[in-house]
Amino acid sequence: MDGKVDTVALTNWVREFGRLVAVEKERLTELDSAIGDADHGVNMDRGMTAVLAVLAGEAPATPADVLKRTGMTLVSKVGGASGPLYGTAFLRMAAAAGGADALDATGFAKVLRAGLDGVVTRGKAEAGDKTMYDALAPAVDALDEALAAGQPLGEALRTAVAAAERGRDATIPMVARKGRASYLGERSAGHQDPGATSVTLLLSAAATVLGEG
Ligand code: ADP
Ligand code: MG
């Protein structure tokens with residue numbers, strides 16, 4: 001795919017994320033049952049099912065269009081913390097994509113970083129709070145570094161997935177300081193964060209679909 005991420009590629013990324021969320025729905029909900037209210041898989045699957053229905057309608061015209069429709073649908077269909085957080089992330093990604101017909105590798109990395117910034121603006125999470133930030137932030141940093149070191153997009157995305165997985169696993173011993181899990185205090189330690197788990201799927205989907213270059 002020569003490192004170009006066009007509207008079709010972006011659509012396929014979002015669709016693959018939806019597929020992975022559906023496959024992992026039970027697992028995500030099980031993780032949320034330990035430190036939350038047992039709805040993360042259900043929430044994300046409801047949202048992504050609605051997103052896929054929207055994207056199956058009139059074909060999106062630009063990468064920004066794909067991302068905007070995804071964000072708006074998540075905001076409107078998903079309650080709880082994750083709807084506004086993922087929704088804001090996708091809406092910020094749409095703004096960063098601007099009017100471009102296709103993104104190059106660096107452009108895609110910028111879009112992903114704008115999504116991370118959206119999560120921070122919305123949820124105020126910092127490193128170590130035991131949230132999706134703890135997987136997404138290292139992944140975005142790793143993607144930037146890998147591209148700066150000259151890796152092609154596919155290889156750089158696989159590097160980013162590895163960073164997300166390490167970040168996700170590192171949430172296990174953390175004590176939650178944001179979101180519902182923070183109500184548990186010390187008892188939140190010893191459990192993997194559901195949002196860090198789902199956002200790792202977002203990276204995996206990117207590596208699978210955009211990772212041929
Ligand atoms: P709720 O907690 O409202 O039931 P979900 O279960 O769908 O919503 O999502 C929970 C996930 O949301 C957590 O695992 C965590 O990763 C993420 N989260 C919660 N609060 C924040 C926040 N302030 N910033 C970033 N992520 C957060
Ligand atoms: Mg929940």
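How do the residues of the lining of the largest pocket divide into nonpolar, polar and charged?

Modeller: This is a predicted model, in which local features need pLDDT of at least 70 and side-chain atom pairs count only at pLDDT 80 or more, while totals for chains, interfaces and linings use all residues. Residues are numbered from 1 along each chain as its sequence is written, chains are lettered from A and ligands numbered from 1 in the order in which they are written, and side-chain values use heavy atoms, without hydrogens and water.

The lining of the largest pocket divides into eight nonpolar, nine polar and seven charged residues (Ala, Val, Leu, Ile, Met, Phe, Trp, Tyr, Cys and Pro count as nonpolar, Asp, Glu, Lys and Arg as charged, and the others, Gly among them, as polar). Of these 24 lining residues, Ala 81, Ser 82, Leu 85, Gly 179 and Arg 180 lie nearest the centre of the largest pocket. At least two lining residues come from each of helix H2 (25-35), helix H3 (40-56), helix H5 (82-97), H6 and helix H9 (194-210), where a helix is a DSSP run of H or I with at least four residues, numbered from the N terminus.

Taking H6 from this group, we find that Ala 105, Phe 108 and Leu 112 are among its buried residues (buried means under 20% relative accessible area with a 1.4 Å probe, protein chains only). Just after H6, Lys 124 takes a positive phi of about 60 degrees. In helix H9 we find Ala 196, which is buried, with a relative accessible area of 0%, and whose C-alpha atom is separated by 8.5 Å from that of Asp 169, 27 residues apart along the chain.

Note on methods:
Buried means under 20% relative accessible area, exposed over 50%, partly exposed in between (1.4 Å probe, protein chains only). On a 1 Å grid over the protein atoms alone, a cavity is a set of points where a 1.4 Å probe fits but cannot get out, and a pocket is an open set with protein on both sides within 12 Å along at least five of seven lines; lining residues have an atom within 4 Å of a point.
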